[in-house]
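Here's a quick tour of the model on your screen.

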Amino acid sequence: GVSSHLEESFACSVRFFDSVQVFDVPLKEVRRLSFATYSLLQAAEARDGAQLVRAMFATVDVADCVRTSCTLLISLTVGNVTFRREIGSADLIFLLLSMIHPGPLAKPIGIVAPSAILPEMDAELVEHAVRVLMNLACEDENVHMMVRYGAIETLAKAMRRDPSARGVQY
């Protein structure tokens, strides 16, 4: 029909946070975001890692916000040593592991646990959290924190739980 043709002809311009290149994306491929993601987008645009992590903690109970925050963190940490070091905190690593693990993790002393209940983590959300951890693992200090907080066991459980999820398996 006419409306589907119009949707296909409209596109929005997208610039990823780790690039100056602009892409035209057809509207049918764009996902709507909740208003709660606004603080995440603002922090990412300002390249404010501490604010982005705070906004992630504040919105962690909304699946769209989890997906958006992880996507932004992935984009901002690729090849950016400074940003990886800025956001590579024990709190963020613990939060990401909590998102991947299907049950409660033992909270290390001094770590800020999210006050909200995490959303149901489907394989796509788990994949997003795993990708953030992969980028953070490019820094030695982050690797040491991950090992201390049981990342290897947590990731192995996620791989066994979602054997057909390619993003969780790699």
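## A charge over a ring

Arg148 puts its charged end over the ring of Tyr149, 5.7 Å from the ring centre. That label needs NZ of Lys or CZ of Arg within 6 Å of the ring centre and within 35 degrees of the ring normal. Aromatic pairs, on the other hand, come to zero, counting rings of Phe, Tyr and Trp (its six-membered ring) with centres within 6.5 Å.

## Ground rules

This is a predicted model, where local features need pLDDT of at least 70, side-chain atom pairs count only at pLDDT 80 or more, and totals for chains, interfaces and linings use all residues. Residues are numbered from 1 along each chain as its sequence is written, and side-chain values use heavy atoms, with hydrogens and water left out.

## The largest core

The largest nonpolar core has 39 residues, and Met56, Leu96 and Met99 touch the most other members. Such a core is a set of buried Ala, Val, Leu, Ile, Met, Phe, Trp, Tyr and Cys residues joined through side-chain atoms within 4.5 Å; buried means under 20% relative accessible area with a 1.4 Å probe, protein chains only. Helices giving two or more residues include H3 (49-58), H4 (63-77) and H6 (90-100), and H6 gives the most, with eight. Helices here are DSSP runs (H or I, at least four residues), numbered from the N terminus.

Beyond its neighbours within four places in sequence, Met56 has contacts (heavy atoms within 4.5 Å) that include Leu40, Ser69, Leu73 and Leu96.

## Helix H4

H4 is mostly covered, with 12 of its 15 residues buried, among them Cys65, Arg67 and Leu73. Its buried residues pack against H2, H3, H5, H6 and H7. After H4 comes Gly79, with a positive phi near 65°.

Key. Buried < 20%, exposed > 50% of the residue type's maximum accessible area, 1.4 Å probe, protein only. Phe/Tyr/Trp six-rings, centres within 6.5 Å; stacked < 30°, edge-to-face > 60°.
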